Amino acid sequence: MKNHSNFRSHSSISKVDERLSADTIYTCPMHPEIEQPGPGDCPICGMALEPKGVSVGEDKTELIDMTRRFWICSALSFPILLLVMMQHLPNHPLETYISSSSVIRIGFILSTPVMLWGAIPFFKKAWASVISRHLNMFTLIALGTGVAYLYSLIAAFLPTIFPAEMRMENGLVDVYFEAAAVIITLVMLGQVLELRARSQTNNAIRALLDLAPKTAFIVQKGGIDKEVSLNEVVRGDLLRIRPGDSVPLDGVIFEGSSTIDESMMTGEPIPVFKTKGDLVTGGTLNQRGSFIMEAQKVGSETLLSQIVHRVAEAQRSRAPIQKTADIIAGYFVPVVVGISILTALVWGIWGPEPPLSYALINAVAVLIIACPCAVGLATPMSIMVGTGRGAQIGVLIKNAESLELLEKINVLVIDKTGTLTEGRPKLASIIVEEGQNDDEILQLAASLEQGSEHPLATAIVEGALGKGLKLLKIKDFESFTGKGVLGVIGGKKVALGNEKLLEMVKGEATALLKQADDLRDQGQTVMSVMLESRLVGLIGVADPIKKTTPQALHDLRKSGLRLVMLTGDNEKTAKAVAAKLEIDEIEAGVLPERKSEIVKWFQDKGYKVAMAGDGINDAPALAQADIGIAMGTGADIAMESAEITLVKGDLTGIVRARRLSQATMTNIRRNLFFAFVYNATGIPVAAGVLYPFFGILLNPVIAGAAMVLSSLSVILNAARLKKIKL
């Protein structure tokens, strides 16, 4: 631990400006390939672009504007609708108080602000879709309502230009101001619901951001605390964490102890006891104790920042299933326009009197009910909710493609150390030659290993220190990679290593060597201790299996996955661990490059392979696999190479991630099914195919309401993912 006798002044540290800059790149949630500096609308779907990456604040400009337009247009539209409905009552009682011509004029006065002000955002997006040759839902809305309004405008002020059969007894022509205004208002309602839903899905990111406090208490010289902005904290600062405080940054406990609630990061409800030297994570909640921590990761380096960034990126990524919907939607709009024109022609030629009115009303109904907004929402809404839900349970998903592919995985290749096991080996056994002392042999071994950072060496040193043994001075130290170490302690030559080292130094084997296999059968890694070239002791080190591993493997096996364990250990140790975990397929003595070869072998056989690991040596295999799964407790390069990161670092996260993938994909398929079925059945009804048989026609206003309901059903179905049990 570094010396903290000198405390730094923070007066010269400038705060980081977290506001969006003018050169921020904006992208479309539904079409991430669309990027531009500054805000605007997507040229493909017309949706408002969002800032790429993560911003602390939330831009609600579009939601506020659309909500205001909706309420004003509602106040203007529904009085027209009410007047028209009353006109169609038996005996026409409304005519006693107001003439038909006055109703038309009122309709014009009230609908015009709706069309010339309220609908402007839709018409702008429709025009952009024509210019970019990407026709979308706004094209249909603008075309349908625009035709209805312009027709009504001409009919209201120039009724005499219409054929006599189209005019009523009073010489007036039917107008559809109410249809145009009410449809625009209903579309606004759909937009408000969609924008609110998108805002709520982003709540997962904002909730994560809110986990970390905005300030921290820095311990200054003399033990005085100073409250500063989190932006002013730098690596190495000492921070005081009081009872009930959230841990502000990632670091290590410097002084004190406490229990910490990590459920918001890992999904595990049981608080974890932490003491001096233990790692703590920013965003977790300190409970009753108080401690001082040393900040080790600040700003974008913290785990919380990385989680937020990954969730934001995943929510804007595209699942392969969405490409299918996009292809269909690309052909859908031109086809609908064609059907609308055909509908107008059929009704205009063979329809009842007045044919032009029937042609117009049915053509508009086709355009409105066919708006593919539900199809466009089906995939991105589920992906946004699903990835946010994953973050809440400690499963970080890199992109939508990974979320979709995870349910198709049928082989899971698992690294042993740090994935199945804790990755922190512990001293398990000491066997010595008759006449030797256990503590003396352990002391010699630990003294040789005191300068090594290898996990096995650390286990031996910690085991010796735990017994109160002092480490001795070494002379003439030598290390042999893959074999062991040599040195002189107290004038005697001491060696520690495997059988290869024993052969190298031509050590004298004793009866102890036969007991080494017994230790390996128990899953221990065995090292020989030689004194003056004679085998005098065996030290067994074991890496405990994580408590959650057996149940997680049982659940994964039950879900139909084929499990394969990889390890660099010898075959005996590997088989012992595999037997405890009921894993039938193992690959022992595997070098890092061999791991990726094994993954590729399964892929060549046609399997979809996931690889789970935590070390630097796992990175090539994680990159090779269809889905790389990294332990959040492992190396950074492993997490960079992986598509999924398990924050807590145990295999129960894979069980949860797989269930989340299955639930999300089921949700998407259900959304797409209902969206396409809605359009497939709605268009013929709107075109009037039921009229010859049942006399049924679909009013454009009803078509608009049905369109909003279809979008609402997709939004509500996607929201169900927030509550699924994983």
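I looked up Glu407 and found that its side chain makes a polar contact with the side chain of Arg669 at 2.5 Å, a polar contact being a pair of N or O atoms within 3.5 Å, of which, within protein, one must be able to donate a hydrogen and the other to accept it, while residues adjacent in sequence count only if both atoms are side-chain atoms. The model is predicted, with local features needing pLDDT of at least 70 and side-chain atom pairs counting only at pLDDT 80 or more, whereas totals for chains, interfaces and linings use all residues. Residues are numbered from 1 along each chain as its sequence is written, and side-chain values use heavy atoms, without hydrogens and water.

I placed Glu407 in the loop between helix H12 (400–406) and strand S14 (411–415); helices (H or I, at least four residues) and strands (E, at least two) are DSSP runs, numbered from the N terminus. Apart from neighbours within four places in sequence, I found Glu407 in contact with Arg658, Ser661, Gln662, Met665 and Arg669, where contact means heavy atoms within 4.5 Å.

I then turned to helix H10 (residues 355–369) and helix H23 (residues 652–687), whose axes come within 8 Å and cross at roughly 170°; axes are lines fitted to C-alpha atoms, for helices over the stretch in contact, and angles run from 0 to 180 degrees between N-to-C directions. H10 and H23 are therefore roughly antiparallel, the term for angles over 145 degrees. I noted that Asn362, Ala365, Val366 and Ile369 of H10 meet residues of H23, including Tyr678, Gly682 and Ala687.

Technical notes: Angles under 35 degrees count as roughly parallel, over 145 as roughly antiparallel, 65 to 115 as roughly perpendicular and the rest as oblique.
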